[in-house]
Number of protein chains: 4
Amino acid sequence: MSSTWGNNIKISIFGESHGVGIGVVIDGLPAGEKLDFDEIQFQMNRRAPGNDSTSTPRKEEDMPEVCSGILGDTTTGAPMCAVIENSNTRSVDYDKLQRLPRPGHADYTGAVRYNGYNDVRGGGHFSGRLTAPLTFAGAVCRQILERRGVTVGGHIYAIGNMYDDPFDPVSVNADQLLALQEKFFALNRPEAERGMRRRIEDARSERDSVGGIVEIAAVGVPAGVGSPMFGGVENVLSSIVFGVPAVKGVEFGAGFDVARMRGSESNDPFTLSGNRVITTRNVCGGILGGITDGMPIILRAAIKPTPSISQEQHTIDLKEQRDAILTVGGRHDPCIVPRALPAIESAVAIGLADLMKEVGKL
Amino acid sequence: MSSTWGNNIKISIFGESHGVGIGVVIDGLPAGEKLDFDEIQFQMNRRAPGNDSTSTPRKEEDMPEVCSGILGDTTTGAPMCAVIENSNTRSVDYDKLQRLPRPGHADYTGAVRYNGYNDVRGGGHFSGRLTAPLTFAGAVCRQILERRGVTVGGHIYAIGNMYDDPFDPVSVNADQLLALQEKFFALNRPEAERGMRRRIEDARSERDSVGGIVEIAAVGVPAGVGSPMFGGVENVLSSIVFGVPAVKGVEFGAGFDVARMRGSESNDPFTLSGNRVITTRNVCGGILGGITDGMPIILRAAIKPTPSISQEQHTIDLKEQRDAILTVGGRHDPCIVPRALPAIESAVAIGLADLMKEVGKL
Amino acid sequence: MSSTWGNNIKISIFGESHGVGIGVVIDGLPAGEKLDFDEIQFQMNRRAPGNDSTSTPRKEEDMPEVCSGILGDTTTGAPMCAVIENSNTRSVDYDKLQRLPRPGHADYTGAVRYNGYNDVRGGGHFSGRLTAPLTFAGAVCRQILERRGVTVGGHIYAIGNMYDDPFDPVSVNADQLLALQEKFFALNRPEAERGMRRRIEDARSERDSVGGIVEIAAVGVPAGVGSPMFGGVENVLSSIVFGVPAVKGVEFGAGFDVARMRGSESNDPFTLSGNRVITTRNVCGGILGGITDGMPIILRAAIKPTPSISQEQHTIDLKEQRDAILTVGGRHDPCIVPRALPAIESAVAIGLADLMKEVGKL
Amino acid sequence: MSSTWGNNIKISIFGESHGVGIGVVIDGLPAGEKLDFDEIQFQMNRRAPGNDSTSTPRKEEDMPEVCSGILGDTTTGAPMCAVIENSNTRSVDYDKLQRLPRPGHADYTGAVRYNGYNDVRGGGHFSGRLTAPLTFAGAVCRQILERRGVTVGGHIYAIGNMYDDPFDPVSVNADQLLALQEKFFALNRPEAERGMRRRIEDARSERDSVGGIVEIAAVGVPAGVGSPMFGGVENVLSSIVFGVPAVKGVEFGAGFDVARMRGSESNDPFTLSGNRVITTRNVCGGILGGITDGMPIILRAAIKPTPSISQEQHTIDLKEQRDAILTVGGRHDPCIVPRALPAIESAVAIGLADLMKEVGKL
């Protein structure tokens, strides 16, 4: 495994779904940052299961114990470790889990990679539960970013073929982003919720699941952040966002739509707003040549349907080396997109903290 | 800048468009690899300008001089440095370049990041010309991968709204990938060429440019490569592919289409083919939980229209702090997608070499 | 802080002396390694205080809770986190600690580095207590190394001006190294113990402390490990050994004595032992050009006297910006060399595991 | 190989002694630094052979061509590549070199590490010649450091058993360090030169070589630089200094002498000099807990006798697997210490630039 990430803000995530605990060490945080733990809890709750009728009723006690790196509620500059104990884990038919890899899960690839020694209970270290410590680290970084005028937020851009309105890449602002965080279905156009819920309930009733897209914005990031060719904003953010399980695509600004554009459409004209340089359309999502231009950073991430579905599925029996039929038990989210949103926002916040620290802005 | 990439195979790219030279150091190559320099030249030629009527007539002499790391034509295990001298660079109105940042280019963000000291001639270190050393490094890695049964190739998936047929993610194979490399318009459906050319010519005649999408496949990668959460295949490949200028999105397998899928569609059933484990649809693009499953790796990258267009564009005069009108002179490709293809293939080859070396398969 | 180390085996150490807990995340361990926790406890005990009359009577409960990365007692390949709760910490006069930096400690430099937010209680993250998680990680790596035929051990080479016999760099072997670990005063010449103890007791009675040197050997490391110029064995081992507090020098083979040698003395003649290539003197400490030659690796580390002495010392009052006199209270080891030995062995074990994994020998 | 070093200032060194060329890429340099190439040449000359009667008469044309990263003589922020062409290399009996590994050289270990494919001519990538690009990179970093008030310099502390006076760790200053650079035998006590020369001439006349120690000081480094536990000043500097061939030990401050000290001797009392915090003895070499305290940084490196001696030596015939006698031909420095001095100063300068950039002081 390589669950360590970062150059300037380094995180090291650990834990398995059914192990003793999960958590994260965050190294490189600036000293003297007063943390609001209620706010951290708020972010953790956004990601936690059981907060909505479309979400799994499984309860997690996700508030981590912070072992180090703070004195009172203020960072010391030393590494911060947060541990969340696992609980509410049920006993499992381990032999079956090992024999019959679940389609769409990492059971098979993990077994090959780790010679069959990976913990497959609940997905082990591949579990979506590992986004809890990521969300914790993100919540810490958000507060540090906020203090520098940077706000990260997002909305559900699509569930199935039901779309929300995208962010206006020029006018999106901190108030809008903070307001979105109050809602489980974070939407720019609240009317989209009904259609999204229907797609989720339809999937659930058919013992299936459904995917989606989240869109993230970061406002207030100053121009001049990012170090191309390989330390550019897109490189850095994608390298952490793809660490969130189920993400299969990441795009910035107009993203894949640039294919259909002309240069006269995708080039962002510069102009002055007072004495500030802005672009008038922000097609580039706030990033030119890997470096921020001071406009909102816009990215989208595609999230595949949760692979845990209770329909019969074709798989193989690894022990007996023959084809087999698998039925996955347990209760699972038919759609993880709403809960993936705060996790991906968190990944972006960590990424931006790393990038800003590199250029002395943290 | 951070033009250094890699953990196991490390590349360090240098140079500016109008400087003395450009090149790359590749550190960590296995010793004893016999290199075919004609094959390297072949890959360099695919990327070079002037090879097609749609491409800029500017000529580059792109065969690098290899300074180190080989004895005869065989790698020694020591770092390999390749240098390409710049030539055919015309004198420029430097003062104007610095004052009037080109929309869609890194002129402005580079100036902020490097306090106005960045070399803006021809885009400097941000120039697409820097993909030449990347292509060299990729050509070296390709040969090493081929020897382990891994072939990387790709095709133009879209130019504007004209699409080629996508790869069949199950049956795509080395022969197909190698055949594609013979053509400047690498297409699965050759009939698409005419429509693509028309879109390019239309853009050119309107002093505009057009974007596109490339699709890459890597076949023969064994199962068990990749180290999640952050050293997974998607993380690693996206972190290098976004280093190719103009890439604004990267997706794996079904990519953004997973949003519209059900789990029953996106989950890949396992089955046995002889005694080999395969999946029947490969929706996941050969990657589950960040680890290869032995099926073809499939990814797509979105490439924005080249920002160098000769229409009048709005920008600002950085010196006089006022709005201004810019006309970019010179001759430029109205579409860089065909030439970006070998560069992105190269990035993928380097990324895979790094990943395979990590698990002892290189 | 940057308490993260490693390329192939990555450790991330956290915690402060008087915080909630201390610990380590170890990422990159091979899967399927059965761990003997009694053996780990044995190594932890060697480092723990209170085991000898010369050592501080302060008791630590140092057996960590392993939160992740194992199933039963076998590694899963996922990151392993071990947490040790802090206890037995007394309340302190925090204001005084912050105002009067202790000479020889990191109180002052930490305050400058972390703007006065560093936790100075007990030395905070700079405390020698942080060698407990390092020793844990080392104990895990030792077992993995042992399974590959590699044994790491050491002895107290000097305390004050009392010297033990150095290792014979050619004949030192695993049995010898394992036997040394049984003793708190690990010595090749047991008669040296009495003199060493006297130097410690003399220091104690004079409210002073005394330094020393440890010598480490690693036997069984195959030839061909290490990646010069900067990933060589000396680079890698020194970069982790200097992470052990109080280490002020690291040397390999004959070390600083090479200054007085002739080439005819320091060059190690090669010969054959059976069909194995050996050197007859091993002056180079098993490392030539940064790469192992298959002979025992030999290194020594200089350890400064513990700076915690109860004599009056000159310092400054940071608040009032004037000179001041400080008397450090509490009970402290007058000599930490015996307890530093297992910590430095551990650092070497982690370093070797990282190096061997790089070349596929782990 | 891993000839890439650094986190904030990254260098990638390439080349073999008898290859086409050697050089370095430096990534991460601040933009806008005007470079004095005469000064760089001056530093290169200090390292070059043939400048003294004790040095090999072999001439190197060592002034590199800078390919990138500068515009005029000012850094652009893009990676700087400097290439030195090899010349004056004589033909060699390659078969003999491969069969008979030279004692004390990396011929044997390199052959094991790189499966016999390493270039052994002149030592290949292990050659001391690779310190030329290191010295170039150091010369660039020195100028950037000087602009921030930091000067790095050194002297020959010992050749054989002939010692110079050590630096006064409190009073050593920039003028003293700059003056030392003017002399090939850089000494605090010029009278030591005669004895040192005699030791070198004696070694030469006996077809032997002799080792030594260099002592380096860096003055003007502000307090608060370094990130323990593993990013501390000692960790970072040792990891690059051990990249200089022949270095077998590195110590800071009193180094190995701390073993014989009492805490009351090795603790540095703090006091105020005006409103500046200083220590009165600087036994710690300017580093406490891995972080600078604002006093001069002091380190020493042990350099083994050059292994190239013309006496008959015992070795093995790798091809025929039998013991053999080797006589190394050619003319070699009987002592490389004076020429290693500027290389090690350079390594320290690069290391300090990396460390200072981390905390925003570059």
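Which side chain does a polar contact of 2.8 Å join to that of Asn267(C)? The partner is Gln313(D), so named under the rule that a polar contact is a pair of N or O atoms within 3.5 Å; within protein, one must be able to donate a hydrogen and the other to accept it, and residues adjacent in sequence count only if both atoms are side-chain atoms.

This is a predicted model, in which local features need pLDDT of at least 70 and side-chain atom pairs count only at pLDDT 80 or more, while totals for chains, interfaces and linings use all residues. Residues are numbered from 1 along each chain as its sequence is written, chains are lettered from A and ligands numbered from 1 in the order in which they are written, and side-chain values use heavy atoms, with hydrogens and water left out.

**Two buried residues**

Both residues in the table are buried (under 20% relative accessible area; exposed is over 50%, partly exposed in between; 1.4 Å probe, protein chains only). Contact here means heavy atoms within 4.5 Å, and neighbours within four places in sequence are left aside. Helices (H or I, at least four residues) and strands (E, at least two) are DSSP runs, numbered from the N terminus.

| Residue | Loop | Relative accessible area | Contacts |
|---|---|---|---|
| Asn267(C) | between helix H8 (263-266) and strand E12 (270-273) of chain C | 2% | Arg281(C), Pro103(D), Gly104(D), Pro307(D), Ile309(D), Gln313(D) |
| Gly255(B) | between E11 and helix H8 (263-266) of chain B | 0% | Lys248(A), Ala302(A), Arg300(B) |

The C-alpha atom of Gly255(B) is separated by 7.9 Å from that of Leu299(B), 44 residues apart along the chain.

**Chain B and chain A**

In this interface, 101 residues of chain B are in contact with 101 residues of chain A. The two chains bury about 7,500 Å² between them, 63% of it on carbon and sulfur atoms; buried area is the accessible area (1.4 Å probe) lost on putting two parts together, summed over both.

There are six salt bridges between chain B and chain A, each a side-chain nitrogen of Lys or Arg within 4 Å of a carboxyl oxygen of Asp or Glu. Arg262(B) forms a salt bridge with Glu206(A), with the closest N and O atoms 2.9 Å apart. Strand E11 (residues 247-252) of chain B gives the largest share of the side that touches chain A, six residues.

E11 of chain A and E11(B) run antiparallel and are joined by three bridges; strands pair if DSSP finds at least two bridges between them. Gly249(A) stands opposite Glu251(B).
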